[in-house]
Amino acid sequence: AYTQEIYTGPLQGGPGMAWTNSGALLTRDGADILEYSLTQNTVHLGTNVHGYITHTISGLVSTGYGMTRGKDGYIYTVTSVGLQRFDPNNWAAPAQTLAGTVSGQGYGITAMADGRIAYCAGVNTNEIYIYDPAGGTNTLIYTAAGLVDDMTTDASGYIALAGQAFSDITVIKSNGTWVNTFSTAHYPDGLAFGDGVNSGSLFANNNDGTITEYSLSAGYVN
């Protein structure tokens, strides 16, 4: 039920990904943001792939990987100085460092349906915060047992956390209420809730190259 293709190559910089309003893929290489073409416009090892152009963002700290596009159109990323954001519609504008946010290694970050940004930070990369761009507030809602490698959210505000420390997945509500934790046979890395007919499923991209679909019941109880 899956298809895949080589999108680009070779990989530059870190693994974080985000998308512009027009659907262009963005990845991060330190303070540089790579914007990939919407069409196949170059060749890599005999394969037609999507080439990129490089945007150097003034003020963007070179640490961190994860990125997400907020409802306000900004791209948000976790760095060693806290949460930063930049405008993909104005590449010349400097990155903004958001006061009161917490620094981290920059793995998990996701945009919520209500416009808030959930991200993991802290010394052990296990603290889950929610930043509200509207009011500028930053709130610690949950502390995981170990390192969180990625996170995702659904339209109802449930947040799933990829637990690298113990090879598990935890689901919480946006107020920090714990819902469920279940062990996995593979170390989960990237996460995504399904939509449409797959709205009751959670998909995990695992460190061993596999993809797992977890079919969850109402309330995301396994």
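These legends walk through a few close-up views of a predicted model. Because the model is predicted, local features need pLDDT of at least 70 and side-chain atom pairs count only at pLDDT 80 or more, while totals for chains, interfaces and linings use all residues. Residues are numbered from 1 along each chain as its sequence is written, and side-chain values use heavy atoms, with hydrogens and water left out.

**View 1. A four-stranded open sheet, in the order E11-E12-E13-E14.** Its pairing is antiparallel. Strands here are DSSP runs of E with at least two residues, numbered from the N terminus, and two of them pair if DSSP finds at least two bridges between them. E11 (109–111) and E14 (137–143) sit at the edges with a single partner strand each, so one side of each has no neighbour in the sheet. From one strand to the next, the twist averages 20 degrees; axes are lines fitted to C-alpha atoms, and angles run from 0 to 180 degrees between N-to-C directions.

**View 2. Strand E13 alongside E14.** E13 covers residues 127–132 and pairs with E14 in the antiparallel sense over six bridges. Look for Tyr-131, which stands opposite Asn-138 in E14.

**View 3. The largest pocket, about 1,800 Å³ in volume.** A pocket is an open set of points on a 1 Å grid over the protein atoms alone, where a 1.4 Å probe fits, with protein on both sides within 12 Å along at least five of seven lines; lining residues have an atom within 4 Å of a point. Grid points are joined across faces, edges and corners, and the volume is the space filled by probe spheres set on them. There are 47 lining residues, and the closest to the centre are Pro-15, Met-17, Trp-19, Gly-190 and Leu-191. Strand E15 gives the most to this lining, with five residues.

**View 4. The second largest pocket, at about 210 Å³.** Its lining includes Thr-152, Asp-154, Phe-193 and Tyr-220. E15 and E19 are the elements that give two or more residues to it.

**View 5. Thr-152, a residue in strand E15.** Thr-152 is buried, with a relative accessible area of 10% (buried means under 20%, using a 1.4 Å probe and protein chains only). Leaving aside residues up to four places away in sequence, Thr-152 touches Thr-110, Tyr-158, Ile-159, Ala-160, Leu-191, Ala-192, Phe-193 and Leu-202; contact means heavy atoms within 4.5 Å.

Technical notes. Buried < 20%, exposed > 50% of the residue type's maximum accessible area, 1.4 Å probe, protein only.
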